[in-house]
Amino acid sequence: MKRIANHQVSKFAGYLFLQLTVSVLSPLSWLASPACVRPVALRQSNSEPTAAGLLSRWAEALGSVEKIQHIRNVYIRSLTKIGDLEFTSEEWQAAQGQHKESVYSGHFRTKLMVFDGHGGWVRYQTAPVRDLTGHELAAEISAAYTGSFSHLISGRMPGHSEYLGEDQSKRFYILKLEPEGGLPITCYLDKTTYLPTRQEQTFDGETLTTTFADWREVDGVRFAFQRGNKPTDTVSELVQSVEINTDLDDMAFLKPEVPAFASGNEARGIPFEQKKDFICLEVRINRSVPLKFILDSGWGRNVSALSQDSVRVLGSQPMATFIGNSAVGSLHSVTFDLPGVTLQNQPVEVVSLDLDRYLGFRVDGILGYDFIRRFVVEISYAENLINLYDPAAYIPKTSAKSVPITLLEDTLPAIHARVTLADGMAVEGLFTVDTAAGQSITFSAPFVRAHRLLAKGKTTDTMSIGLEGQSPQRIGRIHNLQIDEFQISNAVAGFSQATKGPLAGNDVGAGLIGGEILRRFNITLDYAHKRLLLEPN
């Protein structure tokens, strides 16, 4: 999976924020006030235009006031290019001043931002959710102000509009929109069309200018499908689709990542089945019948996954289509229900999980990094039970051994292990702890080549089967596997020959430690404190 480095996202975060929240929505600064149904005079008696008159003409240029009044919400999907980087954004804007935005690079989400009409929060990449403050909050207020028509409808978000005059070329009228607590928006209306040709906003002392072109009608209302941005000349934005009055409710704007425990700050005794060393949990999606999910610590994508077949059964419609890595779409504002705990407003990836013929059982979805990181997850293989805890309140058992973990690629829990091969040679490295890998240990293809592992003992050709599908490997035995103070002798090992997928590269480190090893312990995944707790069972 292609990932964007943190410093790259930080470099463009401010510009992306304004481009993908304000520039998309500023052309939607419609007039929906009952006062606008009556004709509004463009000029005062001294022939000077009025703000109200110009806004009225703007509304007429976008469509009819009557059509605009019936808009409850708008969904916009855009493609933004910044140099060689490409970002897909999805935005939802409700008439009540609520706003939600997701920005992706491929299927990897780089930003989630939510504003509920009063306050907001943002999450960049794998960082924790944080409340919006300063310029970020001000920009969100401006986006919500224009998108909810609050500059014209009393009783909504406070603010006012002001006519500033004409530009030097005498081609444009200049309007200033000032939402209370937001960033002022300076709009340039074409004197001929009364559509905005550009707008300006100041962000961290620098003025960002956004231009608009390629106006098209959607359900009788005009939208700008092409935008440019300065001073970042390398930025271009193309609107791919606009939908009006989608199926959207207040749950879409709830703050994400807040598990709701039925009692206290833990959910204990959640049962699971072991199938071929996979941990299979029953999960309800949006109050559905129980679906079968795999708990997969090796699923390093930033959102959990739901199979295409399950989406069809639920009657849901993916919001987007992505290319590569078998991703076929995404769902937003999904609710996960497990015994004793609920997670609301969660995004999921819709993927092709055609694994029944390989695994011998149906897989409806995957709970990966995005789920596990919210909790401390205790797994009792001996009792087939899982306990989930609030990381802030968790106290580890004194009988458990704490092993440090490194989050490879920011999402994959890896531990240091030492392996003694059949010929007595020892190798060591960081191995991903993978609760959805069946074998004891699997060496990645680059690690096999780098250490010439196939020359160290007898191996046999076979195929590796996992949630990513099949890949070729050799199978053999190792003399000893050492994890901290624990040693496992004569374990079966896989020597990957994969040319694609996780084991074909270095993303998983030296390889995978799978269920055949993990089930010998009660294990605890504690990403918040970067540790794996092991207790022999």
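Q: What do S17 and S18 form, and how many residues lie between them?
A: In this predicted model, S17 and S18 form a hairpin with five residues between them. Asparagine 286, in the turn, has a positive phi of about 50°. The two strands, S17 being residues 278-285, run antiparallel and are joined by four bridges. Within this pairing, glutamate 282 stands opposite lysine 292 in S18.

Q: Which strand joins S18 in parallel, and through how many bridges?
A: Strand S22 (residues 365-367) runs parallel to S18, and three bridges join them. Isoleucine 294 stands opposite isoleucine 366 in S22.

Q: What is the strand order in the open sheet of six strands, and which strands stand at its edges?
A: The order is S15-S24-S23-S36-S37-S25, with antiparallel pairing. Strand S15 (266-271) and strand S25 (401-404) stand at the edges; each has a single partner strand, so one side of each is left without a neighbour in the sheet. Neighbouring strands of this sheet are turned by 20° against each other on average, direction ignored.

Q: How many bridges join S23 to S24?
A: Five bridges join strand S23 (residues 376-380) to strand S24 (residues 385-389), and the two run antiparallel. In this pair, serine 380 stands opposite leucine 385 in S24.

Q: Which residues have the most contacts inside the largest nonpolar core?
A: They are Leu281, Leu295, Phe336, Ile379, Ile386, Leu388 and Phe443, in a core of 63 residues. A second, separate core of 31 residues includes Leu54, Val65, Ile76 and Leu189.

Q: How is helix H4 to be read, and how far does it reach from its first C-alpha to its last?
A: An α-helix has 3.6 residues a turn, so residues three or four places apart point the same way. Helix H4 (residues 134-147) has 14 residues and reaches 20 Å, close to the 20 Å expected at 1.5 Å a residue. Just after H4, phenylalanine 149 takes a positive phi of about 65°.

Q: Why is H4 described as largely enclosed by the rest of the structure?
A: Eleven of the 14 residues of H4 are buried, so the helix is largely enclosed by the rest of the structure. Among them are Glu136, Glu140, Ile141, Tyr145 and Gly147.

Q: How many disulfides does the model contain?
A: A disulfide is a covalent bond between the sulfur atoms of two cysteines. With a cut-off of 2.5 Å between sulfur atoms, the count comes to zero disulfides.

Q: How many helices and strands does the protein have, and what percentage of its residues count as buried?
A: The protein has nine helices and 37 strands. Of its 537 residues, 57% count as buried. Among contacts between residues at least 6 apart in sequence, 60% join residues at least 24 apart.

Technical notes
Residues numbered from 1 in each chain as written. Predicted model: local features only at pLDDT ≥ 70, side-chain atom pairs only at ≥ 80, totals over all residues. Heavy atoms only, no water. Expected span 1.5 Å × (residues − 1). Buried < 20%, exposed > 50% of the residue type's maximum accessible area, 1.4 Å probe, protein only. Pairing = 2+ DSSP bridges. Axes fitted to C-alpha atoms, helices over the stretch in contact; angles between N-to-C directions. Core = buried A, V, L, I, M, F, W, Y, C linked by side-chain atoms within 4.5 Å. Contact = heavy atoms within 4.5 Å.
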